[in-house]
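Here is a friendly briefing to read alongside the structure.

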Amino acid sequence: MNIGIQPASLTTDWASGRVDGAGVVRARRTIGDLHGLFTDEAARAALPQDRLAYATECAFPVAEGTAGGLFWGTTIIEPGLVGDEYLMTKGHFHAHADRTEFYFTYAGEGLLLLMDRARRCRAERMVAGSTHAIPPDTAHRTINIGSVPLSFGACWPSDAGHDYAAIARDGFAARVRRIAGVATVVAA
Ligand code: S6P
Ligand code: ZN
């Protein structure tokens with residue numbers, strides 16, 4: 001009996017990180033969405049509010065909140081500065097705080113800023129091929145420190161959820177600033 005062979009319902013372009021297929025959800029975060037994220041709020045407010053800061057393309061093969069499933073997605077952060085800070089993601093803890101995640105870089109140059117519940121921060125360099133295990137109870141934010149888009153993939157549990165509130169309220173204890181032309185991690 002011929003069972004047949006189907007093409008995969010999901011594709012990932014390993015050069016660009018672009019994800020495609022039925023059910024892929026695309027989202028955009030603009031400069032206007034990043035209110036309060038940067039030290040220099042006046043510099044952020046002076047930029048075009050509809051300018052793209054980062055985009056995501058994600059596959060959710062099971063419903064959000066399902067135990068045992070995995071989600072898969074790519075984030076592409078545009079290059080650019082707001083004051084002396086680079087464009088970056090909002091950053092979050094997972095709502096289900098012990099849930100972990102893998103990040104892996106396709107293209108560009110970035111930093112992965114990690115912060116534990118004691119607000120201790122560290123940063124890992126993101127370059128093509130770099131692979132990052134995000135521990136439990138660890139907030140994560142990505143920062144494009146290069147001059148081209150930073151593209152990275154993520155794989156995370158379908159019941160991880162997102163807690164943006166803690167970061168929106170308290171921020172990270174470290175920031176990445178461009179100092180004398182160099183990306184530098186400093187205490188916030
Ligand atoms: C999801 C995963 C990523 C981020 C994306 C945008 O757990 O960590 O897909 O959602 O990089 O970042 P943020 O902080 O705006 O969700
Ligand atoms: Zn996450």
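Contact here means heavy atoms within 4.5 Å. Please keep in mind that this is a predicted model.

**The nonpolar core**

- Leaving aside neighbours within four places in sequence, Ile143 is in contact with Ile77, Tyr86, Leu87, Met88, Glu109, Gly110, Leu111, Leu113, Leu150 and Val176.
- The largest nonpolar core has 36 residues, and within it Phe38 and Ile143 touch the most other members.
- At least two residues of this core come from each of β4 (52-59), β5 (70-77), β9, β12, β13 (150-157), α2 (165-170) and β14 (174-179).
- Strand β9 gives the largest share of this core, with five residues.

**The three-stranded sheet**

- Three strands form an open sheet in the order β10-β9-β12, and their pairing is antiparallel.
- At the edges are β10 (121-126) and β12 (139-144), each of which pairs on one side only.
- From one strand to the next, the twist of this sheet averages 20°.
- Strand β9 (residues 110-115) runs antiparallel to β10 and is joined to β10 by six bridges.

**The six-stranded sheet**

- A further open sheet has six strands in the order β3-β4-β5-β13-β8-β11, again with antiparallel pairing.
- Its edge strands are β3 (25-30) and β11 (131-134), and each of these pairs on one side only.
- The twist of this sheet averages 20° from one strand to the next.
- Strands β5 and β13 pair in the antiparallel sense, with eight bridges between them.
- Along this pairing, Thr75 stands opposite Phe152 in β13.

**Aromatic pairs**

- Searching the whole structure turns up seven aromatic pairs.
- One of them joins Phe60 and Phe71: the ring centres are 4.7 Å apart and the planes lie at 85°, so this pair is edge-to-face.
- Phe60 sits in the loop between β4 and β5 while Phe71 belongs to strand β5, so the pair ties together parts that are 11 residues apart in sequence.
- Phe60 is partly exposed, with a relative accessibility of 34%, whereas Phe71 is buried, with a relative accessible area of 0%.
- Phe104 and Tyr106 make an edge-to-face pair too, because their ring centres are 5.8 Å apart and their planes are at 90°.
- Both Phe104 and Tyr106 are buried.
- Ring pairs also link Trp14, Trp72, Phe104 and Tyr106 into a cluster.

**Cysteines**

- How many disulfides does a search of the whole structure find? The search finds zero.
- Is Cys58 buried or exposed? Cys58 counts as buried, because its relative accessibility is 9%.
- Cys155 counts as partly exposed, because its relative accessibility is 21%; the cut-off for buried is under 20%.

Conventions
Residues are numbered from 1 along each chain as its sequence is written. Chains are lettered from A and ligands numbered from 1 in the order in which they are written. This is a predicted model: local features need pLDDT of at least 70, side-chain atom pairs count only at pLDDT 80 or more; totals for chains, interfaces and linings use all residues. Side-chain values use heavy atoms; hydrogens and water are left out. A disulfide is a pair of cysteine sulfur atoms within 2.5 Å. Buried means under 20% relative accessible area, exposed over 50%, partly exposed in between (1.4 Å probe, protein chains only). Two strands pair if DSSP finds at least two bridges between them. Helices (H or I, at least four residues) and strands (E, at least two) are DSSP runs, numbered from the N terminus. Axes are lines fitted to C-alpha atoms, for helices over the stretch in contact, and angles run from 0 to 180 degrees between N-to-C directions. A nonpolar core is a set of buried Ala, Val, Leu, Ile, Met, Phe, Trp, Tyr and Cys residues joined through side-chain atoms within 4.5 Å. Rings of Phe, Tyr and Trp (its six-membered ring) pair if their centres lie within 6.5 Å; planes under 30 degrees apart count as stacked, over 60 as edge-to-face and the rest as tilted.
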